[in-house]
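Subject: Structure for you to look at

Hi,

Here is the structure I promised to pass on. Please open it alongside this note, and you can follow the findings as you read.

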Amino acid sequence: MSDTRNDNPLSTGTDYEALAARFRPIFARIAEGALERERQRQLPYEPIEWLKKAGFGAVRVPKEFGGGGASLPQLVRLLIELAEADSNLPQALRGHFAFVEDRLNAAPSPQRALWFQRFVEGDIVGNAWTEVGTVKLGDVITRVSPDGSKWRLNGEKYYSTGSIFADWIDVYAKRTDNDGDVIAAVSTHQAGITQKDDWDGFGQRTTGSGTSRFENALVEAENIIDFATRFKYQTALYQLVLLAVQAGIGRAVERDAARAVRERHRVFSTGNAPQVAQDVQVQQVIGQISALVYAAEAAAVRAAEPAQRAYEARFGGDEEREKAANIDAEIESAKAQIIVSELIIRASSDLFNALGASSASETRALDRHWRNARTVATHNPLIYKARIVGDWSINGTEPPYIWQIGSGK
């Protein structure tokens, strides 16, 4: 497959309904088993396989290379639909879509075309960036070392979301020869990689967000990528996936709350109707939940628009336009994060106002929606995102495009 500078089609959008129709039967199958996976803490290996075989991981790849050609707002809409079925799955694929986006932003080359082919054939990429233990802020202990014409990767990462399902892992590491920060795209189909499902959070339990250990894992030279070339709106893209997760959780809240009200037969003597479904106050609760979810979904899709502009501007030759789009992508994704998290946490709590004590049953696991929403909202602390937005609004301070975590001084 050729990929030259004179042959660089972009993914600017497609017929959304036709694209979504390919995956909705799979989403329905995924939804059927979501509650049982939650109860059993069962990792979604089979659902991930269904998505891989259907080409879900290639929806952002240009049509000319065999992909779906979807825009970023369309990707967000698809992820919202998937998150309604099972909110763990789009988060498990978060690292994959970030790596795909990085390859979309890379200069045309045979190597980029090879990655597109891998995505189209169903390969999934995981994520392993966060160091384990009391690492100083900014330090990268994971090392990649030259070994003849190849490289060897050594280190340990936590929060390696989705990597346990993946064919490749996007690993943030440091070169031993020149101390340069790189991405090492390492194949999981080899010895030297150990993965554990040891994420112990109270929500998003089946995202595969555990520990990855690399012991002399082999990395091809062409898969050592200078981190300085990483696409600029990466933090925004990671946040867009979480916005889609939140909005999808909201849709599941509305779905489950409305169904529970329709099916409920017991009423309170202090109620307003002989059937709960006809109780005007209960109807009001569901209506308010619906409005919260509507606003969250609209904000998530809108927030993806500047990221799409940044992607298209990447090859447009106008650096100022590209910079402005990257700033907008960061600021708008942060604004959406601040409000969407609040809306969905509220919606997932309010659903219990429409039901009785039986709604707290562990068998029904309605609490999973709040736990999942609350867990997703802890990513990229809201208070700091609000400050960044405020500093931009007041002082015009450009937002950071990447942040790190580690031990303070």
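Helix H7 is the biggest contributor to the lining of the second largest cavity, giving four residues. This is a predicted model, so please read everything below with that in mind. The cavity in question has a volume of about 40 Å³. Its lining is made up of Gln239, Leu242, Leu243, Gln246, Gln337, Ser341, Val376 and Ala377. Besides H7, helix H10 (319-350) and H11 each give two or more residues to that lining. By class, the lining splits into four nonpolar and four polar residues, with no charged ones.

What else is enclosed? Searching the whole structure turned up two cavities of 30 Å³ or more. Two or more lining residues come from each of helix H1 (16-40), helix H3 (72-85), helix H7 (234-263) and helix H11 (367-377). Here the classes are five nonpolar, five polar and five charged residues.

The largest pocket contains about 990 Å³ of space. Its lining has 35 residues, with Thr130, Tyr159, Asn380, Trp403 and Ile405 nearest the centre. Helix H5 (94-105), strand E2 (130-131), strand E4 (150-160) and H7 each give two or more residues to this lining. Sorted by class, there are 13 nonpolar, 18 polar and four charged residues.

The second largest pocket has about 270 Å³ of space. Of its 14 lining residues, Leu35, Asp256, Arg259, Arg364 and Arg368 lie nearest the centre. H1 and H7 are the elements that give two or more residues to the lining. By class, that lining has eight charged residues, five nonpolar and one polar.

Now for the packing inside. The largest nonpolar core counts 98 residues, and Phe56, Leu78, Phe119, Tyr233 and Ile289 have the most contacts within it. H7 turns up again here: with 16 residues, H7 gives the most to this core. Leaving aside residues up to four places away in sequence, Phe119 touches Gly57, Ala58, Val61, His96, Phe99, Val100, Arg103 and Val125. Another core, of 15 residues, lies apart from the largest one and includes Ile169, Ala184, Ile193 and Ala217.

Finally, the aromatic rings. The whole structure has 18 aromatic pairs. Why does the pair of Trp115 and Trp168 count as edge-to-face? The ring planes are at 65 degrees, with the centres 4.9 Å apart, and planes over 60 degrees apart count as edge-to-face. This pair joins distant parts of the chain, with Trp115 in helix H6 (residues 110-121) and Trp168 in strand E5 (residues 168-175), 53 residues apart. Are these two residues buried or exposed? The cut-off for buried is under 20% relative accessible area. Trp115 has 1% relative accessibility, so Trp115 counts as buried. Trp168, at 11%, counts as buried too. Elsewhere, ring pairs link Phe23, Phe27, Phe56 and Phe97 into a cluster.

Happy browsing, and write back with any questions.

Best wishes

Note on methods: Residues numbered from 1 in each chain as written. Predicted model: local features only at pLDDT ≥ 70, side-chain atom pairs only at ≥ 80, totals over all residues. Heavy atoms only, no water. 1 Å grid on protein atoms, 1.4 Å probe; cavity = no way out; pocket = protein on both sides within 12 Å on 5 of 7 lines; lining within 4 Å. Points joined across faces, edges and corners; volume = space filled by probe spheres on them. Nonpolar A, V, L, I, M, F, W, Y, C, P; charged D, E, K, R; others polar. Core = buried A, V, L, I, M, F, W, Y, C linked by side-chain atoms within 4.5 Å. Buried < 20%, exposed > 50% of the residue type's maximum accessible area, 1.4 Å probe, protein only. Contact = heavy atoms within 4.5 Å. Phe/Tyr/Trp six-rings, centres within 6.5 Å; stacked < 30°, edge-to-face > 60°.
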